[in-house]
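Subject: Structure handover

Hi,

Here is the structure I promised to send over. Please load it first, then read my notes below.

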Amino acid sequence: MKEGRCASLATVTNIAQSVVRVAPTRVDLTDSNIPAEWIRAGSPKAWNKEIATTRDRMSQIFVWECSAGLFIWHYSKDESLVVISGEAFITTETGQELRLGPGDVGFFPAGTTCTWRVPGPLRKVAVMREPVWRPLGFAVRAWNRLLRMVGLRGRPSLAPADRATVSEPPRKVG
């Protein structure tokens with residue numbers, strides 16, 4: 001593996017068991033795969049690391065990287081992403097091509113299929129969310145609002161994926 005891909009220990013800070021801070025450029029990634037039947041050109045390889053997941057297991061945060069290639073991606077979950085480094089050219093189901101580069105944000109609803117053309121290494125942070133039937137989502141939001149109104153709060157909903165990953169001290173603000 002490339003040295004930059006598996007640099008030093010990930011920077012994860014767990015403050016009061018609820019806040020996770022990550023330096024996505026320094027996260028150690030493990031092999032992931034792009035299904036062979038999705039690859040259209042080249043030999044793209046992928047690596048990832050789950051950084052955190054919500055306690056209800058409905059959302060996860062990943063750092064993901066891939067090498068150059070052309071592949072189709074089928075989204076089974078809603079995915080929001082921020083490109084950290086590299087670039088990709090996404091062709092939508094309607095044939096429109098969009099460029100995603102460092103700092104760009106993208107959203108791919110569950111059920112979407114896109115073609116990714118990646119000219120070189122690409123790293124992104126992705127938030128994956130299970131799609132929820134709209135009436136059920138409304139009911140959950142109403143229930144949570146009711147709990148907040150009566151002063152009942154549950155535990156924080158975000159948990160680090162790997163509590164054994166230790167970090168640098170918190171940064172000072174100001």
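Gln60 lies in strand E6. Gln60 is buried, at 9% relative accessibility. Leaving out residues up to four places away in sequence, Gln60 touches Glu50, Ala52, Thr53, Lys77, Ala126, Val127 and Met128. Glu79 is 19 residues from Gln60 along the chain, and their C-alpha atoms are separated by 9.7 Å. Please keep in mind that this is a predicted model.

Some overall numbers. The protein has 174 residues, and 35% of them are buried. It contains 1 helix and 14 strands. Take the contacts between residues at least 6 apart in sequence: 66% of these join residues at least 24 apart.

Two residues in the loop between E5 and E6 deserve a look. One is Arg57, found in the loop between strand E5 (46–54) and E6. Its phi is near 65°, a positive value in a residue other than glycine. Arg57 is exposed, with a relative accessible area of 56%.

The other is Met58, also placed in the loop between E5 and E6. Met58 counts as partly exposed, at 28% relative accessibility. Which residues does Met58 touch, not counting those up to four places away in sequence? They are Met128, Arg129, Glu130 and Val132. Met58 and Arg129 are 71 residues apart in sequence, yet 5.7 Å apart in space, C-alpha to C-alpha.

**The second largest pocket**

This pocket holds about 290 Å³ of space. Its lining has 16 residues. Nearest the centre lie Asn48, Trp64, Trp73, Glu79 and Met128. By class, the lining divides into 7 nonpolar, 6 polar and 3 charged residues.

Which strands each supply at least two residues of the lining? They include strand E6 (59–66), strand E7 (69–74) and strand E13 (122–129).

Trp64 has a charge on its ring as well. The charged end of Lys124 sits over the ring of Trp64, 4.6 Å from the ring centre.

**Aromatic rings**

The count comes to 6 aromatic pairs. Take Trp38 and Trp73. Their ring centres are 5.0 Å apart and their planes stand at 80°, so this pair is edge-to-face. Trp38 lies in the loop between strand E3 (30–32) and strand E4 (39–41), while Trp73 lies in strand E7, so the pair ties together parts that are 35 residues apart in sequence. Are these two residues buried or exposed? Trp38 is buried, with a relative accessible area of 17%. Trp73 also counts as buried, at 18%. The cut-off for buried is under 20% relative accessible area.

Now Phe71 and Trp116. This aromatic pair is stacked: 6.4 Å centre to centre, with 5° between the planes. Planes under 30 degrees apart count as stacked, and centres must lie within 6.5 Å for rings to pair. Phe71 lies in strand E7 and Trp116 in strand E12 (residues 113–118), so the pair ties together parts that are 45 residues apart in sequence. Phe71 is buried, with a relative accessible area of 0%. Trp116 is buried as well, at 2%.

Which residues form the aromatic cluster? Trp38, Trp64, Phe71, Trp73, Tyr75, Phe108 and Trp116 form one cluster. Both pairs above belong to it.

**Ser85**

One more site. Ser85 has its place in strand E8 (residues 78–85). Ser85 is partly exposed, with a relative accessible area of 33%. Setting aside neighbours within four places in sequence, Ser85 is in contact with Pro102, Pro121, Leu122 and Arg123. Ser85 and Gly120 are 35 residues apart in sequence and 9.8 Å apart in space, C-alpha to C-alpha.

**Where to start**

I would open the view on Trp73. Then go to Gln60 in strand E6 and on to Met128, one of the residues Gln60 touches. Met128 is touched by Met58 too.

Best wishes

Technical notes. Residues are numbered from 1 along each chain as its sequence is written. This is a predicted model: local features need pLDDT of at least 70, side-chain atom pairs count only at pLDDT 80 or more; totals for chains, interfaces and linings use all residues. Side-chain values use heavy atoms; hydrogens and water are left out. On a 1 Å grid over the protein atoms alone, a cavity is a set of points where a 1.4 Å probe fits but cannot get out, and a pocket is an open set with protein on both sides within 12 Å along at least five of seven lines; lining residues have an atom within 4 Å of a point. Grid points are joined across faces, edges and corners, and a volume is the space filled by probe spheres set on the points. Helices (H or I, at least four residues) and strands (E, at least two) are DSSP runs, numbered from the N terminus. Ala, Val, Leu, Ile, Met, Phe, Trp, Tyr, Cys and Pro count as nonpolar, Asp, Glu, Lys and Arg as charged, and the others, Gly among them, as polar. Rings of Phe, Tyr and Trp (its six-membered ring) pair if their centres lie within 6.5 Å; planes under 30 degrees apart count as stacked, over 60 as edge-to-face and the rest as tilted. Buried means under 20% relative accessible area, exposed over 50%, partly exposed in between (1.4 Å probe, protein chains only). A charge sits over a ring if NZ of Lys or CZ of Arg is within 6 Å of the ring centre and within 35 degrees of the ring normal. Contact means heavy atoms within 4.5 Å.
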